[in-house]
Amino acid sequence: MRVLVACEYSGTVRNAFLDLGHDAWSCDLLPSEDGSNRHIIGDARDLLNDGWDLLMVAHPPCTRLCNSGVRWLTVPPPGKTREQMWAELDEGAALFSDFWNAPIERIAIENPVMHKHAKARIVNFEDFAQSIQPWQFGHGETKRTCLWLKNLPPLVPTEVVSGRDPRVHHMPPSPDRWKERSRFFPGIAKAMAHQWSAVVAA
């Protein structure tokens with residue numbers, strides 16, 4: 001398959017598909033952490049018409065879409081205005097819409113639970129297909145992740161482990177906190193590559 005992993009700079013999902021022999025590429029506004037030559041620096045929306053078989057949007061900017069941040073639309077954080085908050089919401093919803101409605105047969109988008117204002121702004125919005133936890137895929141911690149799926153089956157847990165540590169939620173403030181909070185779990189990436197490859201091959 002030709003696989004585009006959008007909004008990923010770590011290479012975690014890209015490499016999981018590469019390991020199975022797929023023509024996989026990541027794309028992000030940031031350079032790739034692992035220095036891979038299979039990473040494109042830029043806006044992934046510019047690549048959506050390039051003949052991909054599968055689009056995996058690993059972690060799009062979701063701050064304004066997620067339910068946990070809906071309060072900022074009413075009482076904005078210091079240094080921001082309500083107008084800025086709603087404009088950022090519109091921008092985030094437009095990004096999600098572009099990915100969800102891309103001319104690609106199989107699409108998966110990872111995102112937290114959305115609030116009603118985000119849902120109302122997304123073109124052809126559908127509810128998420130499933131929610132998963134890292135501890136279902138070999139990582140002993142909690143971080144609920146929702147998957148929006150188009151022509152792909154829900155993931156089947158591969159390794160349920162003990163441990164329910166909300167590590168990501170408890171991260172202290174730091175300049176790189178946003179990076180670490182969005183980092184993908186290798187166990188989930190491996191499950192995606194193996195299970196969705198099997199569907200295409202069937």
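Select Ala-6 and then Val-57: in strand 4, Val-57 is the bridge partner of Ala-6. Helices (H or I, at least four residues) and strands (E, at least two) are DSSP runs, numbered from the N terminus. The model is predicted: local features need pLDDT of at least 70, side-chain atom pairs count only at pLDDT 80 or more, and totals for chains, interfaces and linings use all residues. Residues are numbered from 1 along each chain as its sequence is written, and side-chain values use heavy atoms, with hydrogens and water left out.

Next, show strand 1 (residues 2-6) with strand 4; four bridges pair them in the parallel sense. Two strands pair if DSSP finds at least two bridges between them.

Stay on strand 4 (residues 54-57) and display its side chains. Leu-54 and Met-56 are buried on one side, and Leu-55 and Val-57 are buried on the other. Buried means under 20% relative accessible area, exposed over 50%, partly exposed in between (1.4 Å probe, protein chains only).

Now select Trp-148, in strand 7 (residues 145-150). Trp-148 counts as buried because its relative accessibility is 1%. A polar atom of the Trp-148 side chain lies 2.7 Å from the backbone oxygen of Glu-126.

Note on methods. A polar contact is a pair of N or O atoms within 3.5 Å; within protein, one must be able to donate a hydrogen and the other to accept it, and residues adjacent in sequence count only if both atoms are side-chain atoms.
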